[in-house]
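Thanks for coming, everyone. I'll keep this short. Please have the sequence and the model open as I talk.

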Amino acid sequence: MIIKPFKRESLLPLPVAFISTISADGVRNIAPYSCIMPVLRPLDLICLASAWKRDTLNNIRATGEFVVNLAGADLADKVIPTARFSPPEADEFILAGLSAKPSVEIKAPGIEGCYAWMECRLWKLYEESQFVLIVGQVVHCEVADAACLPDGSINLETARPLMITGSNQGMKFCTAFDIHRFEPFGAMFPNGKDPLAAKYTEE
């Protein structure tokens, strides 16, 4: 089956992260984003793709801050309330019935009930005619104890990360599960050693 290029979401499961910001006037905003990715290992950068007309983008321009809130499948019902249009003066925490989690390094709050939070400061904007890439530097990264395994990986059974795939009619929500296959990073290199291994033991 050949499909249209824009229908890549039908084939590529995407994470659902809630981006929380505050405006220059202190109004709290939340928006769900799926076009999000880390920028190489082990850099402390994360990239969001945004449309131009987004309060999230306006707030990040104004304050230079945002939180990437990683949600579990139990927050699937908060996607549409935070995705709908609301005026810039509306507090979307109140509209969506979500509680704020105070941040450690920035003013923008996180969202209670998520399994992890990345507090970010704006690093750079890459602006194109149809989209903007927002690159943020993660200045504080926190995970709920129940969602973290001793080896530093996510506990998929407890976190149940919220994800979506697309269809012709809309979004299908899903999650990830462990297939119990492991390979060390060093397996990719001829000498079997991960050149970045020391980064993971730094305090």
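**Walking through the model**

Let me start at Asp91. At 21% relative accessibility, Asp91 counts as partly exposed. On the scale used here, buried means under 20% relative accessible area, exposed means over 50%, and partly exposed is in between, with a 1.4 Å probe and protein chains only. Asp91 sits in the loop between α2 and α3 (92-96). Helices here are DSSP runs of H or I with at least four residues, strands are runs of E with at least two, and both are numbered from the N terminus. Now look across to Ile22. Asp91 and Ile22 are 69 residues apart along the chain, and their C-alpha atoms are separated by 9.3 Å.

Two ground rules. This is a predicted model, where local features need pLDDT of at least 70 and side-chain atom pairs count only at pLDDT 80 or more, while totals for chains, interfaces and linings use all residues. Residues are numbered from 1 along each chain as its sequence is written, and side-chain values use heavy atoms, with hydrogens and water left out.

Next, the annotation. UniProt, in an unreviewed entry, lists residues 12-157 as "domain: Flavin reductase like". UniProt positions are in the numbering used here, feature names are shortened, and annotations may be inferred rather than shown by experiment. In the model, that span is 14% helix and 39% strand. Its end C-alpha atoms lie 21 Å apart.

On to the rings. How many aromatic pairs does a search of the whole structure find? It finds 1. The partners are Phe185 and Tyr200, with ring centres 6.0 Å apart and planes at 25 degrees, so the pair is stacked. The rule: rings of Phe, Tyr and Trp (its six-membered ring) pair if their centres lie within 6.5 Å; planes under 30 degrees apart are stacked, over 60 edge-to-face, and the rest tilted. Both Phe185 and Tyr200 lie in the segment after β12 (171-174), so the pair ties together parts that are 15 residues apart in sequence. Phe185 is partly exposed at 42%. Tyr200 is partly exposed too, at 47%.

Stay on Tyr200 for a moment. Gly152 and Tyr200 are 48 residues apart in sequence and 9.6 Å apart in space, C-alpha to C-alpha. Gly152 is in the loop between β10 (132-143) and α4. Gly152 is exposed, with a relative accessible area of 59%.

Now charges over rings. Which residue lies over the face of Phe185? Arg41 does, at 3.8 Å from the ring centre. Lys101 lies over the face of Trp117, at 4.7 Å from the ring centre. To count, NZ of Lys or CZ of Arg must be within 6 Å of the ring centre and within 35 degrees of the ring normal.

Arg41 brings us to some backbone details. The peptide bond from Arg41 to Pro42 is cis, with omega near 5 degrees. Pro42 is in the loop between β4 (36-38) and β5 (45-50). Leu40 is found in the loop between β4 and β5. Leu40 is not a glycine, yet its phi is positive, near 60 degrees. Leu40 is exposed, at 66%. Arg160 also has a positive phi without being a glycine, about 45 degrees. Arg160 is in the loop between α4 (156-159) and β11, and is partly exposed at 41%.

Last stop: the second largest pocket. Its volume is about 340 Å³. A pocket is an open set of points on a 1 Å grid over the protein atoms alone, where a 1.4 Å probe fits, with protein on both sides within 12 Å along at least five of seven lines; lining residues have an atom within 4 Å of a point. Grid points are joined across faces, edges and corners, and the volume is the space filled by probe spheres set on the points. The lining has 16 residues, and Glu9, Pro32, Ser34, Ile164 and Met171 lie nearest the centre. Elements giving two or more residues are β3 (28-33), α2 (79-83) and β11 (163-166). Which element gives the largest share? That is β11, with 3 residues. By class, the lining has 9 nonpolar, 4 polar and 3 charged residues. Nonpolar covers Ala, Val, Leu, Ile, Met, Phe, Trp, Tyr, Cys and Pro; charged covers Asp, Glu, Lys and Arg; the others, Gly among them, are polar.
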